[in-house]
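Welcome! Take a look at the sequence and the structure shown here, and then let us walk through a few parts together.

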Amino acid sequence: MRRALVAVVAMAIALPACTGSGDRATDPAMGATGRDATPSAVADPATGPTGASTDVVEAATIPEPGARIPLRVGALADRLETVWEVRREAVRRWVRTGDPTVWPPPDEVELLVLYEQRIYRVLAAHDRLAAAVLGRLDGGLAAEARSNVRAGGALYDHFTPVDTLPDFRTRAPEPADRLLGFFEEGQRRFGVAWQTLAAVMLIETRMGRIASNSSAGAQGPMQFIPSTWAAYGLGGDVRDERDAVLGAANYLHANGAPGNDREALFHYNPVPAYVAAVTGYANAMTRDPELFYAYYNWQVFVRTTHGDVRLTGPGL
């Protein structure tokens with residue numbers, strides 16, 4: 001197995017990877033309340049316990065980083081649909097007329113994606129609310145939302161919040177199209193779907209935003225233990241994004257991908273919730289490849305016993 005303990009800092013998760021234990025590990029990525037807590041009692045992590053709104057998302061407006069998330073089923077479903085439509089158009093503009101080969105992304109893309117991400121964190125933490133909201137969605141949004149809720153919910157169910165905020169070092173990721181090129185190169189060389197490689201980096205380090213080693217010494221944007229990197233890293237630099245992606249593709253291929261992605265992912269990180277989450281996000285990108293550009297902009301949150309803390313992104 002690849003590692004004894006991995007800080008999955010894309011979701012800021014500490015994983016007991018080689019124990020084989022079913023015990024709940026630590027996931028600082030989701031909120032501190034239980035999944036079936038009454039949604040109306042959940043404080044919006046961006047607005048504080050009063051729930052005071054700093055902005056309201058209207059049909060064609062861009063939410064501020066602390067825009068309030070409605071917790072009534074109908075209002076939340078409507079809000080998610082509105083933001084999803086505006087975000088998709090903003091991403092299309094960025095991809096077609098902007099320049100995803102350079103950093104940073106447009107402000108509107110970062111802000112819309114951040115609001116979506118915060119909605120999915122709320123839904124992942126509340127089963128009944130999520131089921132009710134998903135039941136009101138249709139079309140492409142319904143499929144995408146189901147993938148996001150199931151992936152986030154799997155991680156939420158397995159991991160518990162931390163008492164103390166970890167000392168994570170963060171940085172700006174490589175430009176989106178540069179990373180996408182590395183994922184596509186991994187697919188060409190080893191047959192592992194680029195969407196799977198992107199989903200791994202999304203969960204491991206939020207596309208390289210986390211620069212810290214894990215508590216077990218896993219390193220780089222794909223979080224390799226040194227001994228495993230020595231065997232599968234192709235002589236590259238574990239902290240270099242291209243080298244790390246190719247090393248991950250090599251490792252997954254050696255353990256069954258693309259014929260058996262789930263088995264390969266379980267070797268990569270032997271936690272069923274991790275496998276489910278990577279698979280869910282990868283499937284969503286397979287259905288809609290442009291969703292990569294939204295996931296690329298997902299930010300680092302730490303789930304503590306006092307609530308969510310965001311470490312990267314707009315306004316910080």
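## A pair of strands

In this predicted model, strand β5 (residues 301-304) and strand β6 (residues 307-310) pair in the antiparallel sense, with four bridges between them. Two residues lie between β5 and β6, and the two strands form a hairpin.

Now for the two faces of β5. In a regular strand, side chains alternate between the two faces of the sheet. Which residues of β5 are buried on each side? Phe-301 and Arg-303 are buried on one side, while Val-302 and Thr-304 are buried on the other, so both faces of the strand are covered.

## A residue in a loop

Next, turn to Ala-218, which sits in the loop that runs between α6 (194-205) and α7 (226-232). Is Ala-218 buried or exposed? Ala-218 counts as buried because its relative accessibility is 0%, and the cut-off for buried is under 20%.

What does Ala-218 touch, once neighbours within four places in sequence are left aside? Its contacts are Asn-213, Gln-223, Phe-224 and Ile-225. Val-238 is 20 residues away from Ala-218 along the chain, and their C-alpha atoms are 9.6 Å apart.

## How confident is the prediction?

Across the chain, the mean pLDDT is 85, and 81% of the residues reach 70 or more.

Residues 1-59 have pLDDT under 50 throughout. For this stretch, the model has 205 contacts beyond four places in sequence.

Terms used: Residues numbered from 1 in each chain as written. Predicted model: local features only at pLDDT ≥ 70, side-chain atom pairs only at ≥ 80, totals over all residues. Heavy atoms only, no water. Buried < 20%, exposed > 50% of the residue type's maximum accessible area, 1.4 Å probe, protein only. Contact = heavy atoms within 4.5 Å. Pairing = 2+ DSSP bridges. pLDDT = per-residue confidence, 0-100.
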